[in-house]
Amino acid sequence: MGSLTFGLGLPNGFPIGEPNLDLIRFAERAEALGYDRLWAGDHVVFHVPRYEIFTTLAAVAARTRRISVGPGVLLLCLRNPVHVAQTIATLDHLSGGRFVLGVGVGGEHPKEFEASGVAVRERGARTDEALTILKTLWNRPSVDHVGRFWTLRGISMPLRPRRPLAVWIGGRAPAALRRVVAHGDAWFPGFVTPERYRQGVATIEDLCRRAGRDPATIERGIFVFVGVDPNPAHALRQAEEFLSRNYAMPFAPFAPYLVTGAPSECAAGIRRYVDAGASHVTVRFATADPLSQLEIWSQEVLPALREV
């Protein structure tokens, strides 16, 4: 799996229009600072303003040259997989082969399922079927598929990604871990403690052995909300406000999964995930000023992590 790599969650949500929230400048600066991947979150409708994911990724890809870009994670179950196959192939070509596909099932905001005509209880089955369709469209000249949700007869997708796409699977439930082994090239959960992350890695390794798959073929990523400040209380306060507003709910449920504090505290918090098995770390700054957080994190936290 190689050395530890690093990514950033793009600030493609609120507060749109407020000072310093410049998505493109953030992406350009992340590339200049040597990060490996940029991820855009996905919601169709949500509590706060959100940029549409594919438009966002196209804009970022056009203004960067090296860094990988992708959805972290795409709610694939809300979309027609044939349309997604064309969109993703297009983005991979326009980005020069830098697209990485992150997929999750969501479910925390039922209104976007209602708006999309999808039952929340079907999200896992739809995701599995859609992943199968994507890979088939990109690997066969013509596709015949009769499934639970989609029927394709003689469908061709001549436009294909420039090379086989890496599929990063989000989620922490048992079904998500099975999906990683069946469809994924990486596990990419969020909102997990280091202890649960370690358990998930062990479960994936066991599932791989049962399936006859080498566990080393699965990269281990983690997505963590963070807040760094010389004043730890200020970092926590900003994160509390950000997450409560973003998810329209009290902060308490997020507390176990958040890494905040002074730079040394943040480095120690991220190391716990690395010690639990993570080979890729993506952070999303839980603040209204992600550009300043990016500078502090890159100067005072990232060097310590690169030494791991």
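The model is predicted, so local features need pLDDT of at least 70 and side-chain atom pairs count only at pLDDT 80 or more, while totals for chains, interfaces and linings use all residues. Residues are numbered from 1 along each chain as its sequence is written, and side-chain values use heavy atoms, with hydrogens and water left out.

**View 1. The largest pocket.** This pocket holds about 990 Å³ of space. A pocket is an open set of points on a 1 Å grid over the protein atoms alone, with protein on both sides within 12 Å along at least five of seven lines. Lining residues have an atom within 4 Å of a point. Grid points are joined across faces, edges and corners, and a volume is the space filled by probe spheres set on the points. There are 41 lining residues, and G106, E108, R172, G190 and F191 are the closest to the centre. Elements giving two or more residues are β2 (37–40), α5 (123–139), α6 (174–183), β10 (219–228) and α8 (232–247). Helices (H or I, at least four residues) and strands (E, at least two) are DSSP runs, numbered from the N terminus. α6 gives the most, with 3 residues. The lining divides into 20 nonpolar, 14 polar and 7 charged residues. Here Ala, Val, Leu, Ile, Met, Phe, Trp, Tyr, Cys and Pro count as nonpolar, Asp, Glu, Lys and Arg as charged, and the others, Gly among them, as polar.

**View 2. The second largest pocket.** Its volume is about 210 Å³. The lining includes K135, W138 and N139, along with R160, P161 and R163. H183 and D185 also line this pocket. α5 supplies the largest share, 3 residues. By class, the lining has 5 nonpolar, 2 polar and 4 charged residues.

**View 3. The largest cavity.** A cavity is a set of grid points where a 1.4 Å probe fits but cannot get out. The count comes to 4 cavities of 30 Å³ or more. About 60 Å³ of space lies in the largest. G190, F191, V192, F223, V224, F225, L243, F254, Y257, L258 and Y273 line this cavity. β10 contributes the largest share, 3 residues. The lining has 10 nonpolar residues, 1 polar and no charged.

**View 4. The second largest cavity.** The space here is about 40 Å³. V201, I204, E205, P215, I218 and R220 form the lining. α7 gives the most, with 3 residues. The classes are 4 nonpolar, no polar and 2 charged.

**View 5. Helices α6 and α7.** The axes of α6 and α7 (residues 194–211) come within 9 Å and cross at roughly 45°. Axes are lines fitted to C-alpha atoms over the stretch in contact, and angles run from 0 to 180 degrees between N-to-C directions. That angle makes α6 oblique to α7; under 35 degrees counts as roughly parallel, over 145 as roughly antiparallel, 65 to 115 as roughly perpendicular and the rest as oblique. L177, R178, V180 and V181 in α6 meet G200, T203, I204, L207, C208 and A211 in α7. Contact means heavy atoms within 4.5 Å. The contact has 7 nonpolar, 2 polar and 1 charged residues.

**View 6. Two backbone features.** A cis peptide bond joins G72 and V73, with omega about 5°. V73 sits in the loop between β3 (68–71) and β4 (74–75). F191 is not a glycine, yet has a positive phi of about 55°. F191 lies in the loop between β9 (186–187) and α7.
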